[in-house]
Amino acid sequence: MEGLLDFVLRDILTRAGGIDRCVSEFIRITDQLLPERVFTRIVPELHTGGRTLAGVPVRAQLLGSDPVCLAENAARLATLGPAGIDLNFGCPAKVVNRHGGGAALLEEPDTIAAIVAAVRHAVPAHMPVSAKMRLGFNDDSKAIACAQAIAGSGADELVVHARTKAQAYRPPAYWERIADIRAAVSIPVVANGEIWTVNDARLCRQASGCDMLMLGRGAVADPGLALAIRGGNQHTGHAWEAMLPLLAQFWELVCSRLDAHSRAGRLKQWLNFLRRRYPEAELAFQALRTVNQPAAMTHWLAEQGLEAGVGFEPSVAVAQACGAGQGLLAH
């Protein structure tokens, strides 16, 4: 989820709890071996043992179409200590697909197999190699072939976003097709796509047969969703009062880690998602919609009586994220 779920939001969402592990936004591989600083810029968790502040492991995701170049970069990335390496066969962006990456590869199961095999061979045996795919490019006729190419070439796990590239992010997600893929491969399969509520999670598990779910935009809109899914009907996620310290911590990270010109936009971007779940976020979004100066944003937070650095303690989030229960991933 390039441009949205970066290391800053990973940090905050894993503090909120309930998440077993994360996958980074993609690192684009073209025709060269990237320097270490590129990997650590996109995945700064590499400086902290491949984990967020709350202790949640982060797999680094690579996107490209050249098996040899991907393997060389995966080998370098592996030396930096990620919690695993993930391969992107699902990005629907036109600029990526035009260059043969992301979902465009779903038209070429043989190339997918070559990429997975090359990366698996290039990294240590103990390091997980996973992949994420959509159901296809224009249709889902090659979904099984692509999944089998991934599983048969050494991947340890497969995440399936239950839509084609052509279907983009339009509802519904076709979770029942994930069940067909599960039946065709022997590796663990994770279901992804259109999971916004506890009921969505329940229906997705029923249709797909998957125990493990990957949350994307749903977790951005409702940071308590992972905990709510774990708790079923007994857990309703986080109240707005519990969200306010997370917003303050998010803003503190944005101001310390991102360029000044992008800071106000990042807070408004998250509030735009949060207003799907919280009426209070709608009010905050409207109050800040035309504000572009970071100082004014800081002043608004202060008016709410917030103090960055309070709220969820990392030790609590670790206990929630690593506790027993059904698997939940963030991406």
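This is a short tour of a predicted model, stop by stop, with something to select at each one.

Some housekeeping before you click: residues are numbered from 1 along each chain as its sequence is written, and side-chain values use heavy atoms, leaving out hydrogens and water. Since the model is predicted, local features need pLDDT of at least 70 and side-chain atom pairs count only at pLDDT 80 or more, while totals for chains, interfaces and linings use all residues.

**Stop 1: α11 and α12**

Select residues 240-257 for helix α11 and 260-274 for helix α12. Helices here are DSSP runs of H or I with at least four residues, strands are runs of E with at least two, and both are numbered from the N terminus. Two packed helices are described by the angle between their axes and the distance between the axes. For α11 and α12, the angle is about 155 degrees and the axes are 10 Å apart. That makes the two helices roughly antiparallel. (Axes are lines fitted to C-alpha atoms, for helices over the stretch in contact, with angles from 0 to 180 degrees between N-to-C directions; under 35 degrees is roughly parallel, over 145 roughly antiparallel, 65 to 115 roughly perpendicular, and the rest oblique.)

Now show side chains. On the α11 side, the contact includes W240, L247, F250 and W251, and on the α12 side it includes R263, L267, W270 and L274. Contact means heavy atoms within 4.5 Å.

**Stop 2: the aromatic pairs**

How many aromatic pairs does the structure hold? Two. Rings of Phe, Tyr and Trp (its six-membered ring) pair if their centres lie within 6.5 Å; planes under 30 degrees apart are stacked, over 60 edge-to-face, and the rest tilted.

Pick W240 and Y278: they make a tilted pair, 5.3 Å centre to centre with 50 degrees between the planes. W240 is in α11 and Y278 is in the loop between α12 and α13 (279-288), so this pair ties together parts 38 residues apart in sequence. W240 is buried at a relative accessible area of 10%, and Y278 is buried at 2%. (Buried is under 20% relative accessible area, exposed over 50%, partly exposed in between, with a 1.4 Å probe and protein chains only.)

Next, pick F250 and W270, another tilted pair at 4.8 Å centre to centre and 55 degrees between the planes. F250 sits in α11 and W270 in α12, 20 residues apart. Both F250 and W270 are buried.

**Stop 3: arginines over rings**

Select R275 and F285: R275 lies over the face of F285, 4.1 Å from the ring centre. Then try R276 with W196, where the charged end of R276 sits over the ring, 3.5 Å from its centre. The test is NZ of Lys or CZ of Arg within 6 Å of the ring centre and within 35 degrees of the ring normal.

**Stop 4: α6 and α7**

Jump to residues 143-152 (α6) and 175-184 (α7), whose axes come within 9 Å and cross at roughly 45 degrees. That makes α6 and α7 oblique to each other. A143, I144, A147 and Q148 of α6 touch R177, D180, I181 and A184 of α7.

**Stop 5**

Most residues other than glycine have a negative phi, and most peptide bonds are trans. In the loop between β5 and α7, find P172: the peptide bond from P171 to P172 is cis, with omega near 5 degrees. A168 is in the loop between β5 and α7 and has a positive phi of about 50 degrees. A168 is partly exposed, at 23% relative accessibility.
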